[in-house]
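Here are my notes on this one, as numbered points. Have the viewer open while you go through them.

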Amino acid sequence: MHQKMVLTTLTGIIGQLSGTRSGQLTTYHGQPHRASAPGESPATRSGNLRTSLISTRVAPYYYMISMAYYGLILERDKDRPFALRASERAWSNFVKVLERYLNGS
């Protein structure tokens, strides 16, 4: 069950990094790029952040999700939330499943 929660969180984070954004239209190496607006998940340009996400089991019942160093900068300093939002959603789902299990449902 713990591994499933970690994978759900990881999938949620990846999902947060998908889709269209409503930020400013810019160019990057001559190619158009739609940036993310404040409060939106980071826009995907190269896919490096998304492919850097990995989960590692470091002890029984303890997993760590890691990502490229700039993910934390985007999350905290640039108002481009994605990891915490997905983690909170996964935790909420985990609590619901655990409550059903404990209540015998």
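1. A quick definition before anything else: "buried" here means under 20% relative accessible area. By that cut-off, buried residues account for 28% of the 105 residues in the protein chain. Do keep in mind that this is a predicted model.

2. Next, the layout. Counting secondary structure in the protein chain gives four helices and four strands. Reading from the N terminus, the order of elements is α-β-β-α-β-β-α-α. The radius of gyration is 16 Å, well over the 13 Å that the globule rule gives for 105 residues, so the chain is more spread out than a compact globule.

3. How big is the largest pocket? Its volume is about 430 Å³. The lining has 20 residues, and the closest to the pocket centre are Thr9, Tyr63, Met64, Ile65 and Ser87. Have a look at those five in the viewer.

4. Which elements give two or more residues to the lining of the largest pocket? They are helix 1 (2-16), strand 4 (62-66), helix 3 (70-77) and helix 4 (83-102). Sorted by class, the lining of this pocket has 14 nonpolar, four polar and two charged residues.

5. The second largest pocket holds about 260 Å³ of space. Of the 15 residues that line the second largest pocket, Ala43, Thr44, Arg45, Ser46 and Tyr70 are the closest to its centre.

6. What about the elements around the second largest pocket? Helix 2 (48-52) and helix 3 each supply at least two residues of its lining. Helix 2 gives the largest share, three residues. By class, the lining of the second largest pocket divides into seven nonpolar, six polar and two charged residues.

Notes: Residues numbered from 1 in each chain as written. Predicted model: local features only at pLDDT ≥ 70, side-chain atom pairs only at ≥ 80, totals over all residues. Heavy atoms only, no water. 1 Å grid on protein atoms, 1.4 Å probe; cavity = no way out; pocket = protein on both sides within 12 Å on 5 of 7 lines; lining within 4 Å. Points joined across faces, edges and corners; volume = space filled by probe spheres on them. Nonpolar A, V, L, I, M, F, W, Y, C, P; charged D, E, K, R; others polar. Rg over C-alpha atoms; globule rule 2.2 N^0.38 Å. Buried < 20%, exposed > 50% of the residue type's maximum accessible area, 1.4 Å probe, protein only.
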